[in-house]
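Trainee: I would like to learn how to read a structure like this one. Could we go through it feature by feature?

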Amino acid sequence: MKLRNMLLLGIPAIVFWVIAIFVLGIFLIKWFWMWTIPELCPGAVAAGYVAAKISWWTALKLAGLVALLAAITNISKD
């Protein structure tokens, strides 16, 4: 496929949005987890069932999942 045809299909726009959601997702997931989980589940955090803070690696994996789901959603639209 020629580059001109790929640009017309919007491939760079889709890639940009996936990367933006992925990077933003890492920060949002880490921030959301840090502020909500200890407040919603203090007993589980105290007992050690749920971590009060997640690592950057875990946030990266969760952001990857969110980015993948967003890409599937955007690709499957008619």
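Mentor: We will take confidence, helices, aromatic contacts and the surface in turn.
This is a predicted model, in which local features need pLDDT of at least 70, side-chain atom pairs count only at pLDDT 80 or more, and totals for chains, interfaces and linings use all residues. Residues are numbered from 1 along each chain as its sequence is written, and side-chain values use heavy atoms, with hydrogens and water left out.

Trainee: Where in the chain is confidence lowest, and where is it highest?

Mentor: pLDDT is the predictor's confidence in each residue, from 0 to 100. The chain averages 79, and 83% of the residues score at least 70. The lowest mean, 57, belongs to helix α1 (residues 3-9), and the highest, 92, to helix α3 (residues 42-47).

Trainee: How many helices and strands are there in the chain?

Mentor: Helices (H or I, at least four residues) and strands (E, at least two) are DSSP runs, numbered from the N terminus. Here there are 4 helices and 0 strands.

Trainee: Which residues form an aromatic pair?

Mentor: Rings of Phe, Tyr and Trp (its six-membered ring) pair if their centres lie within 6.5 Å; planes under 30 degrees apart are stacked, over 60 edge-to-face, the rest tilted. The count is 1 aromatic pair. Phe27 and Trp56 are edge-to-face, 5.8 Å centre to centre with 75 degrees between the planes. Phe27 lies in helix α2 and Trp56 in helix α4 (residues 56-75), so the pair ties together parts 29 residues apart in sequence.

Trainee: Is Trp35 buried or exposed?

Mentor: Buried means under 20% relative accessible area, exposed over 50%, partly exposed in between (1.4 Å probe, protein chains only). Trp35, in helix α2 (residues 11-40), counts as exposed because its relative accessibility is 54%. Of the 78 residues of the chain, 17% count as buried.
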